Amino acid sequence: MKGEASPAVELIKVSKSFDAVQAVRELSLTIRQGELLTLLGPSGCGKTTLLNMLAGFEVPSAGSIVIGGRDVTAVPPYRRNTGMVFQNYALFPHMNVFDNVAFGLRMRKMAKFEMARAVGHALEMVKLEGLASRRIRQLSGGQQQRVALARAIVIEPKVLLLDEPLSALDRNLRGAMQVELRELHERTGLTTLFVTHDQEEALGLSDRIVVMSRGEIQQVATPLELYRLPANGFVASFIGEINRLPPARCRTEGNDVVFEIAGGIVLRARKRNQPTIGAGQETHLFVRPEHLTLVEGDRPAPNRVSCRVTAHLYQGAYTLTRVDAGPLGNLQLRVLGGEVIAAAPIGSQIKISIDLDKAVILAG
Amino acid sequence: MIASARWRAAPARPRPFFLWLFLPSLAAALLFVAALCEVAQYAFRVFTPGSLEAGGFTLENFARLARPIYLSVLADTLLISLATALFTLLLSYPVAYAMVRAKSDFVRSLIMLLAVTPLFTGEIVRTYAWILVLGSNGFVNSVLKAAGLVNAPLTMLYTRFGVIVALVQFSMPVMIIILAAALAHVDRNCERAAANLGAGPAKVFRHVTLPLTLPGIVSGTVVIFAWTMSAFSTPQLVGGGKVLMISNLVYLQGLSSFNFPFAAVLSLLALAVAIGALGSMRPFVSRLERKAAVN
Ligand SMILES: Nc1ncnc2c1ncn2[C@@H]1O[C@H](COP(=O)(O)OP(=O)(O)OP(=O)(O)O)[C@@H](O)[C@H]1O
Ligand SMILES: [Mg+2]
């Protein structure tokens, strides 16, 4: 492996348009050596297009792509040494498992003996030992997925490209495969670009996440940063559940920041080190459902707001409770357990506390 | 294994419309079998020269097949059919490929139109067109002469070569449609996967596209082979009596010599060869597929 300093992949102001559609706009991105980077975004935001450009199936309309220090913008797919796993797996139906995995090695003219060992090793990595002579049609979806992975990792690509590899699997299998993918990444150390539109998958799996929307990067951050400090409204509402409060005007008062919201509501937060919130500025507040809590009786609590319960959505470990908070609009609370359903029946008046210290505050 | 339940055959379900949908083809098949029986019974009867009536039971007609003159017609027919099928395949594959893979809809439609239009001109019209093109003063010879490539006109009309050329053109639309269907079924991502794994365009074709279209290639070739086996007007007109295929011999025997019994034997022979070719297709395809898979 090369020095840690040199990035595995660099995209420099890459654009791609199809006729009228601009699928990717002036996108720049660096993938570090050995990291698992996830490309997350809604359907049609250009994830597959970006992956296709990295693999060489699409030529960028502008910009350049550097893989392993070499500018590959004009290099055809078969000389790029990337390993792609397709959404539909795209296994060769006329070959058995062994020949599928061995294909890339055959193209590299590897000696028979060495090849058998490499294929065996790859199949072991994806836990498919013993299925080498199976036909593709005789495999389950999860097994096909593993063959596709083995086929891509056996050539030791400069970057592993995974296009929503888990989306065709059922929920349980998907969870198990996520764990396995992470383990596989740890063992192989391959630089990996993982595409998904499932945010839970992205949060659970990635070293860093790139959030995309309409062909542009919205934010690049670790899962933790992304959830706690989304860079803008799109990221805030795309990652996890979040309540968006009406626009507020803010000012400082001692150690507090005070937010005045239309309808005479005043909310307070401790002053924080965020240069974007200045006095008198219009701000947008985003609060996660877990930062809204029920207040029993007249117990004092910060930012108490009275509201009416409109719905309960029981989720097992917790309940999502919807309330109508008057000028603050409809809000969602996340309450542990299911007792809240009986304690605060639909239609009843309750008091909630809004913890703004953990809220996302964005300048308007 | 998890998978086994999925690929085991599904239990038989009642098919409510099956019988009704099946009836018309059943009626057609019965009619065809009746006609075939009528032909077949002639094959076992004595030919009386000068009479349209066939006589009593005999196997003499089949023995007659062994005569060198008839064997050579059979050999010619097989050769012409095989050559036609192979050349049709070689010429049609690139056309079908270009059609299916054309980037613009306009180009695709244009190729489709050019490829299929010949189907709508009659066989006789097209055959006459070939006579004009291939004749001593025809288009090809005029061009060759004007270009100074030949002194005397080439003989193409009334030769096997001419017959094969006309038959190939006649067969191409059908072959193109069969191959296009096969090509359209190839998952583009499979080709991309191969390229991604290091296969250049030629290798992608050799290791992925070609094996995956193999069933289409074999069925197209067999269909054209069987179809050409029964060609009549093209060898009749372009061959001008100098190139005899089985159908032409049947015509001669049945309608010139009025030897219905021997004509019947020849017809049955042609049918048997065609059915044999179609029947051997399935096992042949699966064997080829298995072979292609290993490399
Ligand atoms: N070959 C093409 N021709 C024309 N437009 C295309 C082509 N490929 C993609 N697009 C357009 O580019 C945009 C981005 O497509 P892309 O497939 O990259 O989205 P995606 O993020 O992968 O979406 P999904 O999550 O649904 O797979 C879409 O608007 C799509 O319609
Ligand atoms: Mg996609």
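Visitor: How far apart do the C-alpha centres of domain 1 of chain A and domain 2 of chain A lie?
Guide: They lie 40 Å apart. The model is predicted.

Visitor: What makes these two separate domains of chain A?
Guide: Chain A is divided into domain 1 (9-238) and domain 2 (244-363). Those bounds come from an automatic or database domain assignment, so the division rests on that assignment.

Visitor: Which residue counts make up the contact between the domains?
Guide: Eight residues come from domain 1 of chain A and five residues from domain 2 of chain A. They are called contacts because contact means heavy atoms within 4.5 Å.

Visitor: What area do the two domains bury between them?
Guide: About 560 Å², with 53% of it on carbon and sulfur atoms. A:Tyr227, A:Pro230 and A:Ala236 supply 65% of the area that domain 1 of chain A buries against domain 2 of chain A.

Visitor: How many salt bridges and how many polar contacts cross the interface?
Guide: The rule finds zero salt bridges between domain 1 of chain A and domain 2 of chain A. Two residue pairs are in polar contact, both at pLDDT 80 or more.

Visitor: Which elements give two or more residues to the domain 1 side?
Guide: α7 (223-228) and α8 (233-238) of chain A. α7(A) gives the most, with three residues.

Visitor: What classes of residue make up that side?
Guide: Five are nonpolar, two polar and one charged.

Key
Residues numbered from 1 in each chain as written. Chains lettered and ligands numbered in written order. Predicted model: local features only at pLDDT ≥ 70, side-chain atom pairs only at ≥ 80, totals over all residues. Heavy atoms only, no water. Buried area = accessible area lost by both parts, 1.4 Å probe. Salt bridge = Lys/Arg side-chain N within 4 Å of Asp/Glu carboxyl O. Polar contact = N/O pair within 3.5 Å; in protein donor to acceptor, adjacent residues only side chain to side chain. Helix = DSSP H or I, 4+ residues; strand = E, 2+ residues; numbered from the N terminus. Nonpolar A, V, L, I, M, F, W, Y, C, P; charged D, E, K, R; others polar.
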